[in-house]
Amino acid sequence: MSKKVAFLQGNEAAAQGALYAGCNFFGGYPITPSTEVAEVMSVELPKVGGKFIQMEDEIGAMAAILGAALAGSKVLTSTSGPGLSLKQELIGYGCIAEIPCVVYNVMRGGPSTGMPTGPSQSDVMCAKWGTHGDHPAICLVPASVQETYEEVIRAFNLSEKYRTPVMVMPDEIVAHMRERIVFPEPGEIEVLPRKSPTVPPEQYKPYDTSFGDVPPLASFGSGYKFHVTGLNKMQDGFPTTKAEVVQAEEERQVRKVDANADDIITFEEYMLEDAEVVVVAYGSTSRSARYAVNVAREQGIKAGMFRIKTFWPFPDKQIKALAGKVKGFVIPEMNLGMCSIELERCAQGKAPVLGIFRVDGEPINPDQIVEKIKEVK
Amino acid sequence: MAFDYEKYLRPGKLPHIWCPGCGHGIVMKGLIRAMDTLKLDMKNTAIVSGIGCASRLPGYIDCCTLHTAHGRAAAFATGVKMAKPEMNVILCGGDGDGTAIGGNHFIHACRRNIDMTYIIMNNYIYGMTGGQFSPCTPTGHKASTTPYGNPDPGFDIAKLAIGAGATFVARGTAFHANQIDKLIVEAIQHKGFSVVEILDDCPTTYGRRNKYKSVIEMMNRLKEVAVPVKAAEKMTAEQLVGKVLTGVLYKEESKPEYTAEYAKVIERAKAAK
């Protein structure tokens, strides 16, 4: 039997991926350029008995998905820059209370209202540092429509596996371009269920670390009575200011992602075997980068591409290893050098990092990247 | 036999954080009596709050409890109720939490008429942060940020709720303790968004700045200003100056309830599939 094929936009693919992953609750607020996700979810969710709600604002949408997740739903919200800023308070709530949820953010120009219909990659730091306090961060940056579909499924899986908010951040080009997509059969891609408690209700603690760094999460209305707060909490979910408990819990929340970086981090290596110049790219920019690498190879330059698919946790190990072998990195990005900072941190001075930074709402052309590749000596 | 509050309270979580003379404990006891009257299944009941003194209430009651972020109780609760419409969802919090930072979520929960009950403990002040003025602090009164008297006009929470579309709105006071559970019972029984405002007192941060010599004086004020709606019907406008109406202020049963309406959306979507 041949697989189902469609010609879809990135945002539409994101919604379809969420449905494949078992998303049954969407809370959102209209914002360009991500609104199509809400529109598709409003059509499709009620067909399968799921719930769609358009909330009064971005904060309310984030709150609604967290509430629904605690009541047992698999939840999604979609937004873009200004909305991501507004959601940050409650993304932090999701991190400390350890509530699985997926935040799909289409990167447009910024700051503030910026350029609502123009592409950008300037929210990647916001994905890690946007909410206050130390917290875990997982952020996926797809580069095609097919990958957007698959990465949204992976985001749901990671959010359940690590019990934490996960962000999927395509740039506006990926979100709005149309490509062929091949749908997987049901069951073809693994969908992880929530780890539910095995202990009887009277023994249940929502942050019981005897089950490891990711304790099982019960649902409201399933027979388990428990307390959830945004305050620093003890294993039973109640607030505490006890120094050693707060320290241990904060460290565990960050560790559950950091210690599993190898399980979370994904990337693509393109012509890296003998590469002397490595273009590091993500999102739509990587499509220009691939073309540029091909052009450079034709001209006899040993160029390759390291494509970041998981922006957070950042692929430190891989970049550090490359830094010891190559002449230099080229980083094209639609911001004023955000990934560049991370590359310099990982390169530790062993290889120069040359940036191409565009924030004018135009994509980065392969020509620009080829020129920069040639600058690496 | 005396009413057994203990069976509804979480063992080991008392004493509560509230100051001596604070009315929040009176409201909590009223809520517990209401839950008892209605024989609510505690496993199937969620209490959702924001941030502030009043928002600490859920932690003491043994059911599904969610202490959210400042002002966000109504939006979190909307998610809980939409995901599991069969659950009883009760919200609680203070006047600043509910009508300032949470004002937008509050009016939209009213507008949707989603079947939840919101208990607002109005003590006219931000108590937890030390007594800054709230949208409910009376004009001219003192707060830590209105040292020369409050220039702001205040909200009438009940009118705000009615105007925004809530279909059951009641008001009581912390002095009239025996009325609190009756109002909450009726509110929970009502199918739609119900608001119960309880006029409360904060002797620590409001009373002492506004020349109330004691908690008793603050309680006596609540006793004096409260006029039951029935009694008010027989009073002149002049007699009602400075008074506050108490009891069930508004009830409307024809407006559709939100989760029931969404169930119809699901039916229509499945039929169109």
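**Strand pairing and contacts in a two-chain model**

Phe26(A) has Phe52(A), in β3(A), as its bridge partner. The structure is a predicted model, in which local features need pLDDT of at least 70, side-chain atom pairs count only at pLDDT 80 or more, and totals for chains, interfaces and linings use all residues. Residues are numbered from 1 along each chain as its sequence is written, while chains are lettered from A and ligands numbered from 1 in the order in which they are written.

Helices (H or I, at least four residues) and strands (E, at least two) are DSSP runs, numbered from the N terminus. Strands are taken to pair if DSSP finds at least two bridges between them. By this rule β2(A) pairs with β3(A) in the parallel sense over 4 bridges. Together with helix α2 (residues 35-44) of chain A, these strands make a right-handed β-α-β unit; a crossover is right-handed if, with the strands pointing away from the viewer, the path from the first strand over the helix to the second runs clockwise. β2(A) also runs parallel to strand β4 (residues 75-80) of chain A, joined to it by 2 bridges. There, Phe26(A) has Leu76(A) as its bridge partner.

In a regular strand the side chains alternate between the two faces of the sheet. From β2(A), Phe25(A) and Gly27(A) point one way, Phe26(A) and Gly28(A) point the other way, and all are buried (20 or more other C-beta atoms within 10 Å of a residue's own, with C-beta atoms placed from the backbone; exposed means 12 or fewer, and partly exposed lies in between).

The contact between the chains takes 35 residues from chain A and 34 residues from chain B, two residues being in contact if their C-beta atoms, placed from the backbone, lie within 7 Å. On the side of chain A that touches chain B, at least two residues each come from β2 (25-28), β3 (51-54), α3 (58-70), α4 (81-97) and β9 (227-229). The largest share, 9 residues, is supplied by α3(A). This side divides into 18 nonpolar, 11 polar and 6 charged residues; Ala, Val, Leu, Ile, Met, Phe, Trp, Tyr, Cys and Pro count as nonpolar, Asp, Glu, Lys and Arg as charged, and the others, Gly among them, as polar.

Pairing also links the two chains: β9(A) and strand β2 (residues 64-67) of chain B are parallel over 3 bridges. Here Val228(A) stands opposite Leu66(B). Elsewhere in chain B, helix α2 (residues 73-83) is mostly covered, with 11 of its 11 residues buried. Among them are Phe76(B), Lys81(B) and Met82(B).
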